Amino acid sequence: MTSPTRVVTLRIDDREVSAREDETILQVARDNEIFIPTLCCLEGLSTWGACRLCLVEVSGSNKLLAACATRVAQDLEVKTNTPRILAYRRTILELLFSERNHVCSVCVANGECELQNLAQRCGVDHIRVSYRYPELSLDLSNDLFRLDPNRCILCTRCVRVCDEIEGAHTWDVMGRGIDCQVITDLKAPWGESKSCTSCGKCVHVCPTGALSQRGTAIAEVHHHRDFLPYLTQMRGERD
Amino acid sequence: MCPQTVRNEAPSDDKRWKIINATMRRNGDDSHALIETLHSVQETFGYLDDVALSYVAKSLRTPLSRVYGVATFYHFFTLKPQGEHSCVVCTGTACHIKGAQALLSAIKGSFGVAPGETTADNKLSVISARCIGSCGLAPAVVIDGNVMGNLSPQTLVARVEREIG
Ligand code: SF4
Ligand code: SF4
Ligand code: FES
Ligand code: FES
């Protein structure tokens, strides 16, 4: 039998909060309506911890820690909005914009893009580094969906939802460093992928306009994500 | 669950598949053997093509895209047939500072190939790598498995010319 989960108290931005000891700093912050930006994290999927937007300062560590991947502890002191963190957040967002081609005004996800929303919320009004302008071609081989790698931020939500929820594992990331890209199967055109079931889950979890339904025009993307916590719960109950 | 029979036959009757099968079997056909199996394919066939990658993926019950991700993550693996001779130019930090870029330009100038490419006569493949662990020799190059250091563009070109005859 598992022992009952303990409740701990900690401070986030000088607010006293209580939490179950198996919760992450991010969960507790959200429960208490304390804002921490995230991009790779999505409820219902495994923790990836790669976008680093959720970095926070934690007492007893001079490294910044990812709130989505760090458990709470008794008497922990967490700071989510020190000048250092705000500066890092802005820089991370700027680097994401500079890596690919994010032309929001002509993007299908304009208005419903998590990257764009966070940039607004975190006060990114200009990019201090130069844009890389990579030349990446669209994959239009699938009858239902399209991939525009120019908008991809490599959050791997598509990889995880396809693997963990759909069970197809059509997507993965190829290459390394700045040359990384999401691919389907052996980098086959998506429409020729043998593993894809065309369920559309990846399209709905994508935070940007990288994955979208065919036929959606500029600013027409709408994400439906209720299926995710639902499916995770249903599967969990079967174990 | 309904029973599933997975019979997986080698892509061709090329005897070399037996070596690959042995590697996989030694590891219980487990997906953890992926990297070791890809090494085995690389050493046996000289490169990893789609046929080999699909076969390994199926045999180890590993998604195709994951296999491709691993194969493209490590510089050691190549997806295209390699030339008779190989020249790996290190572009790690130390070598970069000591002029790795000039070495690559010289190779491109003399043999017309950039990293990842093989000459039309199939004599030479040029590869770049990030730090080969010989920073003291920067800029370092590995020609046919032999590490060479402190190279000027001219000596490198002369050396490669001698190798490929
Ligand atoms: S449509 Fe479904 S099966 Fe196909 S890649 Fe997306 S999540 Fe995977
Ligand atoms: S395609 Fe979308 S979901 Fe997939 S890694 Fe790129 S941004 Fe994330
Ligand atoms: S949300 Fe925590 S690292 Fe991406
Ligand atoms: S940087 Fe070239 S060997 Fe280390």
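**View 1. Contact between chain A and chain B in the predicted model.** The contact draws on 12 residues of chain A and 13 residues of chain B, where contact means heavy atoms within 4.5 Å. In this predicted model, local features need pLDDT of at least 70 and side-chain atom pairs count only at pLDDT 80 or more, whereas totals for chains, interfaces and linings use all residues; side-chain values use heavy atoms, with hydrogens and water left out. Residues are numbered from 1 along each chain as its sequence is written, while chains are lettered from A and ligands numbered from 1 in the order in which they are written. The size of an interface is often given as the accessible area lost when the parts come together. Chain A and chain B bury about 1,100 Å² between them, with 65% of it on carbon and sulfur atoms; buried area is the accessible area (1.4 Å probe) that two parts lose on being put together, summed over both. On the side of chain A, the residues that lose the most area to chain B are His169(A), Arg176(A) and Leu186(A), together 58% of what that side buries.

View 2. Strand β7 (residues 171-174) of chain A provides the largest share of the side of chain A that touches chain B, namely 4 residues; helices (H or I, at least four residues) and strands (E, at least two) are DSSP runs, numbered from the N terminus. By class, that side of chain A holds 5 nonpolar, 3 polar and 4 charged residues, with Ala, Val, Leu, Ile, Met, Phe, Trp, Tyr, Cys and Pro counted as nonpolar, Asp, Glu, Lys and Arg as charged, and the others, Gly among them, as polar.

**View 3. The two assigned domains of chain A.** The assignment gives domain 1 (7-81) and domain 2 (105-228) of chain A, the bounds coming from an automatic or database domain assignment. Their C-alpha centres lie 26 Å apart, and the contact takes 14 residues from domain 1 and 16 residues from domain 2. About 1,200 Å² is buried between these domains, of which carbon and sulfur atoms give 67%. The count between them is 0 salt bridges, but 6 residue pairs are in polar contact, both at pLDDT 80 or more.

**View 4. The shell around ligand 1.** Of the 14 residues around ligand 1, those that come nearest are Cys162(A), Cys196(A), Cys199(A), Gly200(A) and Cys202(A), a residue being near if one of its heavy atoms lies within 4 Å. Helices α4 (157-166) and α5 (201-205) of chain A each supply at least two residues of this shell, which by class has 8 nonpolar, 4 polar and 2 charged residues.

**View 5. Surroundings of Glu57(A).** Glu57(A) lies in strand β3 (residues 55-58) of chain A, and a polar contact of 2.9 Å joins its side chain to that of Thr82(A).

Technical notes. A salt bridge is a side-chain nitrogen of Lys or Arg within 4 Å of a carboxyl oxygen of Asp or Glu. A polar contact is a pair of N or O atoms within 3.5 Å; within protein, one must be able to donate a hydrogen and the other to accept it, and residues adjacent in sequence count only if both atoms are side-chain atoms.
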